Structures are given as structure tokens and as C-alpha cells.
Amino acid sequence: MKIVLKGVPPSLNRFAGRLNSWEYRRSKKQWTETVQWACKAAGVKEAPERAVVRIDYFFPDKRRHDADNYCGKLLLDGLTKAGVIKDDDFSHIALVVYGHVDKVDPRTEITVTRMWWVE
């Protein structure tokens, strides 16, 4: 399954050390619900027991972006709520994150694939 979202979620650095947690809550709710609705529109079926989640961020510029600040927290919560993945813990998913540049069409692409190997 693959969904494409307009834009890129904010870096977690945007919220680090801030006294006002309302901005984080507002952003988390917005991105979580956006992912949920995109999954429903894509006709999500039953979640696999284990899955690989690949997140491709297409940033609007070539500025430096740290991968750990784009770990997918806001997106993975939406996938869990939509029933696309069972849970976002290590026993249910493997996470792969990539960064690209697309000045014309900044976006976030999320691909979920059933994990076919067993460890």
C-alpha cells in the first residue's frame, strides 16, 4: 500500500524544549488524521502481523535535514489508528526513512509492505 501526502511534517526539533505543548498536539492531530483519511481513501485492508514501513520525504529545498528529526512519529500513529499496521513498535514494523528534494512538489510518500521474512 502506498499513500502520498501533500507537504512534509514538521521536524521534531520544532517542538523540542518548547513550553507550549499545544502546537505539538495540534500538529500531531493534523498529521495523524491526514494519514488516517488517506489510508481509508486508499481502501486499506487488514493489517499484516509484521510490516516494513518506508517513508520518503520530498523536501522543498536542499537544506540539511537530520533523519532522526523525521522519524515518522506523527505518521506512524496515523497508520496504527487506520489499522494499516498492528502497532508501531519494533515487534511489528521495520522502519526505513529517505530524504529527497522536490522543489515543485514537496510531499511525503508512505509505503507499507507485508514483511515476508521472519527473524
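**View A. The sulfur of Cys-39 lies 17 Å from the closest cysteine sulfur, that of Cys-71, which is too far for a bond.** In this predicted model, the structure holds zero disulfides. A pair of cysteine sulfur atoms would have to lie within 2.5 Å to count as a disulfide, and the sulfur of Cys-71, whose closest cysteine sulfur is in Cys-39 at 17 Å, is therefore too far for a bond. Cys-39 is buried, its relative accessible area being 0%, whereas Cys-71 is partly exposed, with a relative accessible area of 29%.

**View B. The largest nonpolar core comprises 22 residues.** Val-53, Leu-79, Ile-85 and Ile-110 are the residues with the most contacts inside this core. At least two of its residues come from each of strand 1 (2-6), helix 1 (22-41), strand 2 (51-59), helix 2 (73-82) and strand 4 (107-114).

**View C. Leu-79 and the residues that it touches.** When residues up to four places away in sequence are not counted, Leu-79 touches Met-1, Val-35, Cys-39 and Val-53, and likewise Val-84, Ile-85, Ile-110 and Val-112.

**View D. Tyr-57, Phe-59 and Tyr-70 form one aromatic cluster.** Across the whole structure, the search for aromatic pairs finds three.

**View E. Arginine side chains placed over aromatic faces, at Trp-22 and at Phe-58.** Arg-25 lies over the face of Trp-22, with a distance of 4.6 Å from the ring centre, while Arg-107 lies over the face of Phe-58, at 3.8 Å from the ring centre.

Key: Residues are numbered from 1 along each chain as its sequence is written. This is a predicted model: local features need pLDDT of at least 70, side-chain atom pairs count only at pLDDT 80 or more; totals for chains, interfaces and linings use all residues. Side-chain values use heavy atoms; hydrogens and water are left out. Rings of Phe, Tyr and Trp (its six-membered ring) pair if their centres lie within 6.5 Å; planes under 30 degrees apart count as stacked, over 60 as edge-to-face and the rest as tilted. A charge sits over a ring if NZ of Lys or CZ of Arg is within 6 Å of the ring centre and within 35 degrees of the ring normal. Buried means under 20% relative accessible area, exposed over 50%, partly exposed in between (1.4 Å probe, protein chains only). A nonpolar core is a set of buried Ala, Val, Leu, Ile, Met, Phe, Trp, Tyr and Cys residues joined through side-chain atoms within 4.5 Å. Helices (H or I, at least four residues) and strands (E, at least two) are DSSP runs, numbered from the N terminus. Contact means heavy atoms within 4.5 Å.
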